[in-house]
Amino acid sequence: MGASYFELNGTVDGNVRAGAESVVLGSSATVGGSVRYDAESFVRAPGATVEGSVVQDERLGETVGPDLAVPGWLGALYGLLANFLLGVILLAVFPAFSTRVADGVADRPARSAGVGLLTVFVVPLLLVLVALTIVGIPLSLVGAVGFAALVWAAIVYGQYALGVWVLSFTDRDSRWLALVVGLVGVTVLGAVPVLGALLDLAVFLLGLGALVLALRGAYERRGEEPAGGRQTTLDEVTGDTSAA
């Protein structure tokens, strides 16, 4: 919100960002954080209290109001729930294919990570090359959306594979429990500095590589028809028709 004159009289628990011709902190103003402003005239009354710093920032432009930040735990919770929902959909719709991806991580971790790393570099490069032509711009945009969906699925599959690996040391064999263990474990450990970032990267590359390899296997078997002449499904072309 822009204003030619902004005056604060009251209490703000967080930070304040103000952009106006004149910014005034009244005598009853109390700011729990910092004040960033962009104004030709700035006045801070003697009774005004600012716990943090007061900084002039010309990049603010015409903005006025408290600086609202989303708590880190809330963002982590939202991501956990979104990944859980996608994981439930993937496991329910493609149970055997999901098992194939998890097995790929467990049986060929080095290969999966290598393919995942290669995919991260090659696909964006191809999308950029396609976008260089006017005709290719729409194709590149569609490809970017598809790649983003692939990346999200790879993250969930990587966490699911981690949960399957953890449960392999117990007597429990449940894909739903493996999904929960993987998602919660990565979310909790992901909050650890450095270690969390490395874990997120490793899980992503493993999941992406195993997913790409499983999709390639499904593509190579696309012409095979099961008995009865039915259309081959994604689970069936992976060579595993069991619902793990």
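In what order do the 3 strands of the open sheet run, and is their pairing parallel or antiparallel? The order is S2-S4-S7, and the pairing is parallel. Keep in mind that this is a predicted model.

**View 1. The open sheet, with S4 between its two partners.** Strand S2 (11–12) and strand S7 (49–50) sit at the edges, each pairing on one side only.

**View 2. Zooming in on where S2 meets S4.** Here 2 bridges join S2 to strand S4, which covers residues 30–31, and the two run parallel. Look for Val12, which stands opposite Val31 in S4.

**View 3. The salt bridge between Arg216 and Glu220.**

**View 4. How open the Arg216 and Glu220 side of things is.** Arg216 is partly exposed, at a relative accessible area of 44%. Glu220 counts as exposed, since its relative accessible area is 54% and the cut-off is over 50%.

**View 5. Stepping back to the whole protein, with its 7 helices and 9 strands.** Of its 244 residues, 34% count as buried. The accessible surface comes to about 14100 Å², and carbon and sulfur atoms take 66% of that. As for contacts with a separation of 6 or more, 47% are between residues 24 or more positions apart.

Conventions:
Residues numbered from 1 in each chain as written. Predicted model: local features only at pLDDT ≥ 70, side-chain atom pairs only at ≥ 80, totals over all residues. Heavy atoms only, no water. Salt bridge = Lys/Arg side-chain N within 4 Å of Asp/Glu carboxyl O. Buried < 20%, exposed > 50% of the residue type's maximum accessible area, 1.4 Å probe, protein only. Helix = DSSP H or I, 4+ residues; strand = E, 2+ residues; numbered from the N terminus. Contact = heavy atoms within 4.5 Å. Areas by Shrake-Rupley, 256 points an atom, 1.4 Å probe, with all protein chains shown as cover. Pairing = 2+ DSSP bridges.
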